[in-house]
Amino acid sequence: MTRRFAQVDVFSSTGTEGNPVAVVVDGGGPGAPIAEDRMAAFARWTNLSETTFVLPPTDPAADYKLRIFTPGGELPFAGHPTLGSAHAWLTSGGRPKGEDIVQECGVGLVRIRRSGPRLAFAAPPLRRSGPVDSDTVDEVVAALGVDPGEVLAAEWVDNGPEWMVIQLGSGERVLEVRPDIPALGHHEVGLLGLYSSGDVFAEVRAFVPGIGVPEDPVTGSLNAGIATWLRSTGQAPESYVAAQGAAIGRAGRVHVHDDGENIWVGGDTATVIEGTVAL
């Protein structure tokens, strides 16, 4: 069956310097569902960090349901696929029932808001938080090639993906890290460093070798988890910009705003490829 398809760049205004997501817009419907094994196979074939399938909602409060696959399996939530899929859904004629777009996915309902050219999602609550145990920290720090004394904090920021964040002394130090990717094993690791001045508040990197993504270009779920943790520690202003992707030739910008109730994580989105796929 022929289905509408788009490849959308997320967290970049240029259309090529963010993180691409493959979106199958017609992922389901009466008489036209895609089997789960075919979804997984297509995600392996695209070989992007994530591939998504837009489906009819099962929750009456939702505008659509989203299934999110990496080359290694399915995720209950991910940030840049959420924004890229909302962009593709809107571009294909989708209209939200209310003021915000409501996405149904593995972590429940996620609100998405339009603000000028940008889309932003409300960060879901953390499923796991608190300090990472010392044995795990030692293992991860060794794989990162970082001296343990450089680690300012090591915290769980699991909001679907099982992220831990390792905070180093500066954004510049984060960019210098050269990890031993195989040694990271199954760990889903975010690096964070804050800048002392400038338009960019934080530098972020993400490593997910266990699901086939050695370094993710720009990561919405990780940035959402980090923002939630930074709020709890009082380290971040109400609004800030995080940079991600420079270490692998990207120039992602993640715009974070804390309105006192929700933390909104957003960025620019642009369709780079559109057409149809046979699935």
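This is a predicted model: local features need pLDDT of at least 70, side-chain atom pairs count only at pLDDT 80 or more; totals for chains, interfaces and linings use all residues.
Strand E12 (residues 188–194) runs parallel to E11 and is joined to it by five bridges; here Ile-166 has Leu-191 of E12 as its bridge partner.

Helix H3 (residues 134–144) contributes the buried residues Thr-136, Val-137, Val-140, Val-141, Ala-143 and Leu-144. These residues cover an arc of only 160 degrees around the axis, and therefore lie on the same side of H3. An α-helix has 3.6 residues a turn, so residues three or four places apart point the same way. The buried residues of H3 pack against E10, E11 and E12, as well as against helix H5 (181–184) and strand E13 (202–208). The face of H3 turned away from this buried side carries Ser-134, Asp-135 and Ala-142, which are exposed. Just after the helix, Gly-145 takes a positive phi of about 75 degrees.

A one-sided pattern of burial is also found in helix H1, where Met-39, Ala-40, Phe-42, Ala-43 and Thr-46 are buried. Because the arc they cover around the axis is only 160 degrees, these residues are placed on the same side of H1. Their packing partners are strand E1 (2–10), strand E2 (19–24), E3, E4 and strand E17 (263–278), whereas Asp-37 and Trp-45 are exposed on the other side of the helix. H1 is followed by Asn-47, for which phi is positive and near 60 degrees.

The loop between helix H1 (36–46) and strand E3 (51–55) holds Glu-50, a residue that an unreviewed UniProt entry lists under "active site". Glu-50 has a relative accessible area of 8% and is therefore buried. When residues up to four places away in sequence are not counted, Glu-50 touches Pro-20, Val-21, Ala-22, Ile-68, Phe-69, Thr-70, Leu-75, Ala-78, His-80 and Pro-81.

Arg-67, located in strand E4 (residues 64–70), has a relative accessibility of 17% and so counts as buried, the limit being under 20%. The side chain of Arg-67 makes a polar contact of 2.7 Å with the side chain of Glu-36, and Glu-36, Arg-67 and Glu-74 are linked in a network of salt bridges. Beyond residues up to four places away in sequence, Arg-67 touches Glu-36, Met-39, Thr-51, Thr-52, Phe-53, Leu-55 and Glu-74.

In total, the count of salt bridges comes to 11. One of them joins Arg-111 to Asp-100, with the closest N and O atoms 2.8 Å apart. This pair links distant parts of the chain, since Arg-111 belongs to strand E7 (residues 108–115) and Asp-100 to the loop between helix H2 (79–91) and strand E6 (101–105), 11 residues apart. Arg-111 is partly exposed, with a relative accessible area of 30%, whereas Asp-100 counts as buried at 11% relative accessibility.

Arg-173 and Glu-150 form a salt bridge in which the closest N and O atoms are 2.6 Å apart. The two residues are 23 residues apart and link distant parts of the chain, Arg-173 lying in helix H4 (residues 171–176) and Glu-150 in the loop between H3 and E10. Glu-150 is partly exposed, its relative accessible area being 25%.

A salt bridge also joins the side chains of Glu-215 and Arg-205, at 2.8 Å from N to O. Glu-215 lies in strand E14 (residues 213–216) and Arg-205 in strand E13, so that the pair ties together parts 10 residues apart in sequence. In this pair Glu-215 counts as buried at 16% relative accessibility, and Arg-205 likewise counts as buried, at 4%.

Terms used. Residues are numbered from 1 along each chain as its sequence is written. Side-chain values use heavy atoms; hydrogens and water are left out. Two strands pair if DSSP finds at least two bridges between them. Helices (H or I, at least four residues) and strands (E, at least two) are DSSP runs, numbered from the N terminus. Buried means under 20% relative accessible area, exposed over 50%, partly exposed in between (1.4 Å probe, protein chains only). A polar contact is a pair of N or O atoms within 3.5 Å; within protein, one must be able to donate a hydrogen and the other to accept it, and residues adjacent in sequence count only if both atoms are side-chain atoms. Contact means heavy atoms within 4.5 Å. UniProt positions are given in the numbering used here, feature names are shortened, and annotations may be inferred rather than shown by experiment. The arc is that of the directions from the helix axis to the C-beta atoms. A salt bridge is a side-chain nitrogen of Lys or Arg within 4 Å of a carboxyl oxygen of Asp or Glu.
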